[in-house]
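Thanks for coming. I will walk through one structure this morning, a few places at a time.

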Amino acid sequence: MLRDYQKRAIDQLYDWFSTNSGNPCLVLPTGSGKSHIIAALCKDAIQTWPETRILMLTHQKELIEQNAEKMLFHWPDAPLGIYSASVGIKQLGEPITFAGIQSVRSKASELGHADLIIIDEAHTVSHKDEGGYRRLIEALKAINPALRVVGLTATPFRLGHGLITDKPAIFDDLIEPVSIEELVFKGYLATLRSKVTGLRLDTSGVRKRGGEFIESDLQAAVDTNKNNLAVVDEVVRLGESRRSWLFFCAGVKHAENVAFILNTIHGIPAACVTGETPKKERERILSEFKAGKIRALTNANVLTTGFDYPGIDLITMLRPTLSPGLYVQMAGRGMRIADGKTDCLVLDFAGVVAAHGPITAVQPPKKAGEGNGEVPVKVCDNCDELCHLSVRECPACGHAFPEPERKKLKLHNNDIMGLEGSDIDVTSWNWRKHTSKASGKEMLAVTYYAALSDPPVTEYLPIQHDGYAGQKSVQLLANMAHHAFGMIGPEVANLDGLDQIAKVMNSGNPPRRITFKQDGKFCRVINRSWTA
């Protein structure tokens, strides 16, 4: 059985297809069960339209196997084949083909007619008309011009390019049926907890290329005997009660050196996995880690996607990165729930939490050519408008920014989640059109009312704004409308004017409870619950 938000994802996808042409991408947090959604989508399509031909693509062996496994779980007699050199199977001719892009990127003629391509980890598709995915899609479109593409990802952006919908990207829209906040609130994801570490790895002087640190320079800067000894000492002390430790390192030698210190100096059963680890050895190590025979697992660039072990309850970040996508993927390895696990501790020696913020509010990276280093902008916590660093009030919604502070790191438990806040029980709500006094821009405002002892809480949705703030607000409106009266949100967003949208939303059921954070004189709602 699918969970409520998984059904919602498929419903919103079908609704999008009914009113749009092009290629959408479902944005689903790590651990939300994308493979179950893929399986249900494939099953529904084939059983409804038996002549449909589906190609499920991804870039990693483990993801191919996981997605095929879930397909057979939902539909034991599914007519599927697998085509992947890394898996060791090459089957064509079935209505559903699960394939590795490296194995089929030049085999359009052998694949033949395809009606639907589903791409897992869709952020790996090139923005430009180049690369294996784009070439294969164009070749298959030459066979069937009506071919549609659906992406799935937890991180809908690419370093140096921005959102994966920014043209000339292949995807046209983002559908966000569920948030990390909702999944944590409902108990489908575990909470991350972060602590300030005694050591902070120094990246000053490390060169950058393509918007990211150059790996050789980075590894030389952080992989020192002094750093490694201090890091492991602190992890052993803070992780004493934790059972499964995962380390993200800056390179192969770094991962090997950290594992060596864990084993030889501290007697912690540890192993290292890198791209150079032989296949059978890697499978053995991962199996022993999941079985509890290995307590600590170090890696370099291989366990950010496709590795799903719910028992991980400690993540050590030793790989500084300028990529918000990589940060979210690393942190996401600890968010799956497991028996006996209450949360996952994140020890951030690399400064990625401070660099990118809570994983519930990560901003897309800048596009190429928009400058390097610190850009003189800040993001409004109230409406996500990008503002110049010098302004004291958001020009979009009037949010007052706090006075600037001297640079110093103050992280507390749960900072990585961004979920600390206050709860109120909602008795009613009121939607209206709001015009910013500062900028004159129009947006939606919704005020939540509670008992007389609790003051009302107002949030703003700039759904008509361009860029990320507008896209995010449209998806939020879609989600709220879905809960308010089962109406698919994009229909609400397409109504004639903000006044009409407000009128429709006022007739819907408000959430029973909200969780919010006070940011200056404004409030940021971080969770809404329609259930008791």
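This is a predicted model: local features need pLDDT of at least 70, side-chain atom pairs count only at pLDDT 80 or more; totals for chains, interfaces and linings use all residues.

Glycine 486 has a positive phi, about 70 degrees, and it comes just after helix α14.

Helix α14 runs over residues 467–485, which is 19 residues. From its first C-alpha to its last it reaches 28 Å, close to the 27 Å expected at 1.5 Å a residue. Which residues of α14 are buried? They are Ala469, Gly470, Ser473, Gln475, Leu477, Ala478, Asn479, Met480, Ala481, His482 and Ala484.

Glycine 467 and aspartate 166 are 301 residues apart in sequence, yet their C-alpha atoms are 9.0 Å apart in space. Aspartate 166 sits in a loop, the one between β9 (162–163) and β10 (173–175). Is this aspartate buried or exposed? Aspartate 166 counts as buried because its relative accessibility is 18%, and the cut-off for buried is under 20%.

Next, the sheet. Six strands make an open sheet, and going across, the order is β11-β18-β17-β14-β16-β15, with parallel pairing. The edges are β11 (191–195) and β15 (270–274), each of which pairs on one side only. On average, neighbouring strands here are turned by 20 degrees against each other, direction ignored. As one example of the pairing, β17 (residues 314–317) and β18 (residues 343–348) run parallel and share four bridges. Methionine 317 has aspartate 348, in β18, as its bridge partner. Helix α10, residues 252–264, packs on this sheet and touches β14 (245–248), β15 and β16 (296–300). The direction of α10 makes about 170 degrees with that of β15.

As a general point, nonpolar side chains in soluble globular proteins tend to be buried together. The largest nonpolar core here has 97 residues, and the members that touch the most others are Leu57 and Leu297. Helix α2 (residues 34–48) gives the most to this core, namely eight residues. What does leucine 297 contact, once neighbours within four places in sequence are left aside? The list is Trp245, Leu246, Phe247, Ala271, Val273, Ile285, Leu286, Phe289, Leu303 and Phe307. Another core, of 28 residues, lies apart from the largest one, and its members include Leu199, Phe247, Leu318 and Leu347.

That is where I will stop.

Technical notes:
Residues are numbered from 1 along each chain as its sequence is written. Side-chain values use heavy atoms; hydrogens and water are left out. Helices (H or I, at least four residues) and strands (E, at least two) are DSSP runs, numbered from the N terminus. The expected span of a helix is 1.5 Å times one less than its number of residues. Buried means under 20% relative accessible area, exposed over 50%, partly exposed in between (1.4 Å probe, protein chains only). A nonpolar core is a set of buried Ala, Val, Leu, Ile, Met, Phe, Trp, Tyr and Cys residues joined through side-chain atoms within 4.5 Å. Contact means heavy atoms within 4.5 Å. Two strands pair if DSSP finds at least two bridges between them. Axes are lines fitted to C-alpha atoms, for helices over the stretch in contact, and angles run from 0 to 180 degrees between N-to-C directions.
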